[in-house]
Amino acid sequence: MFVMEQIAGDTFQTIGPSNEASDIPADDARLLIDQEIARLEDAVRALRFRRNTLSPISCLPPELLSRIFSSIENRKFLTKKYRWIQFSQVSSHWRSVALNSPTLWTNIPLACPLRMEEMLRRSKMANLTVKANFNYTQTSIRKLRGIMHRVEEIDMVLPHSLMQKMISDLPQNAPQLHTLCMRLAKDHIGFVIPGNVLSETPRLRRLIVEGGGVDWGSGILSGLTHLKLHHAPIHTRPSTTQILNALQRMPALKYLDYDDSFSDTSSDATSSTISVDLIHLRFLRLSSTESQVSNILQRVTFPSSIQLKLSCKVETTDLSGLFSVLSQKYFGVKASGENCLFIRSLAISSSLHELKFEAWSEGTEGNFTQLRQASPRFELTLTPRPRRLRKKPIARYLKQVCRAMPLDLLAMLRLETHDFIGSQTLGNTLGKLPQVRWMHGTGPATALHILEALSLRRSDYEENLSGYHQVSFPALQNLLLDGLIFGKSDNEVSFNMLQDCLIDRCERQVPLQSLVLEECSFDSDASDVAFIQIDLLREIVVDVTWDGVFGTLESGISDGED
């Protein structure tokens, strides 16, 4: 209060009560007033600065405030580039901290030479991250060659013409380089990283190449812990021997993602005798033909605890080679007698062109939505070529999978198989599992086959069974049917069929405890009595939940099959 009164008094004395009684010319008076306004604004800013210093965040040491700025700069939720720079405009103190924090200015853009120059100046001698998305300038490239001794990460997303020019301008030596990510954009003409580019990178640990290839004898493939190669050009794809030789130079490898980048040299795949021990591997993804995937798995030793994703193009229905390797190295039994992998949750889905299995080692009380937020422990995708999926191959694949995978402890099962897995196949394979307590069926055809399988007696397709073991899915207690169609045609479920299935299981002393119906469809006759029929189901099953959402077949609701 005293400060402001003093300022006001000084102002009154300088200018006076009125310009009318003053002999000062108007222009000079305005100048004095403007000077006084500027002085008062400086005084207000000084007071605000003093006030800001009393806030808790202003008490943080500059080093800690700098780390907070750095963590915000690295966040992915910032929708605009360099939006975090606004924090340097909050106050003079924050700006001073930001300008004296070299790590805030290490993401160097190659598309803007002026911004690149300023950020290089502010980053001082900190290690750099270089990014180029769809564009860069020759001026920036020339500057990049001069600072490669400071670059620890390169991230490029460029079309072929620019990518190849960029690669040709990169040096051989990059002593600080830790991560190299090069992804092709816009076109499908692949690029190649030759052996004389970035071959001397002793600290390189992460290599990601999408749409391009590498020289498999180059030093760039030594000492990696993270390797991702996708869609390499055909002329750059390595033989199995070259892949295995390269993997031998990566004993600390933890992550390997190799998609559609194998050569078609099948003779090399069968003749190679090299074996590789990757004891630190945590994630392995392979995508190629079934024989090539099997061959790589056969020659690589890895922990049974890894996350494994396989995508196989199959030409025959015999997958014994693949499952023999998996049974030995992944599904098998340890020396202690324990299984290498326990599967408690399994999702099976199919489309016209592929069949997918996803397996988890844990269950979440029937909540597949929550479960699928986590990556599956094991994933297998089978893509027949050159024809579409057919029922007979699907049945054979399913039988082989069920024989190979350790499903004795399976508790949760989700099916979205449309019309590819019939009730007999379902009952004869998965129906034998002794501990399946939750089942989720999606789509009208899947729901129909599930209900038919639940009504089957295993004595229909197996002999010498009696009592409890005659029932398919004997431990089933909770059933969720999503997209069920109630109607009268052969490919629809009638209420009588659902009721008979539920009553039959009650009579065989294996009743359901919970039934959930979601997004059902009804024919025009059944829609009027839907609520009545649901109430009848509640007399059979203890807990029946219906979301109350239904449509008629005329409204166009269907399972999306072609």
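Some conventions before the details. Residues are numbered from 1 along each chain as its sequence is written, and side-chain values use heavy atoms, with hydrogens and water left out. Because the model is predicted, local features need pLDDT of at least 70 and side-chain atom pairs count only at pLDDT 80 or more, while totals for chains, interfaces and linings use all residues.

I start with the core. By nonpolar core I mean a set of buried Ala, Val, Leu, Ile, Met, Phe, Trp, Tyr and Cys residues joined through side-chain atoms within 4.5 Å. Buried is under 20% relative accessible area, exposed is over 50%, and partly exposed is in between, with a 1.4 Å probe and protein chains only. The largest core has 135 residues, and Leu310, Phe378 and Leu430 touch the most other members. Leaving aside neighbours within four places in sequence, Leu430 is in contact (heavy atoms within 4.5 Å) with Leu346, Ile348, Cys402, Leu407, Leu413, Leu415 and Phe473. There is also a second, separate core of six residues, among them Trp360, Leu371, Ala411 and Met412.

Strands here are DSSP E runs of at least two residues, numbered from the N terminus. Which strands pair with it, if pairing takes at least two DSSP bridges? Strand 13, residues 307-314, runs parallel to strand 16 and is joined to it by seven bridges; Lys313 has Thr383 as its bridge partner. Strand 15, residues 355-360, is antiparallel to strand 16, with five bridges, and Lys356 stands opposite Thr381.

For Cys501, the nearest cysteine sulfur is that of Cys506, 9.6 Å away. Cys501 is buried, with a relative accessible area of 1%, and Cys312 counts as buried because its relative accessibility is 0%.

Last, the rings. Phe, Tyr and Trp rings (six-membered for Trp) pair if their centres lie within 6.5 Å; planes under 30 degrees apart are stacked, over 60 edge-to-face, and the rest tilted. The whole structure has eight aromatic pairs. Tyr330 and Phe331 have ring centres 5.5 Å apart and planes at 50°, so they are tilted; both residues are buried. Trp216, Tyr258 and Phe262 form one aromatic cluster.

Definitions and conventions. Disulfide = S-S within 2.5 Å. Pairing = 2+ DSSP bridges. Helix = DSSP H or I, 4+ residues; strand = E, 2+ residues; numbered from the N terminus.
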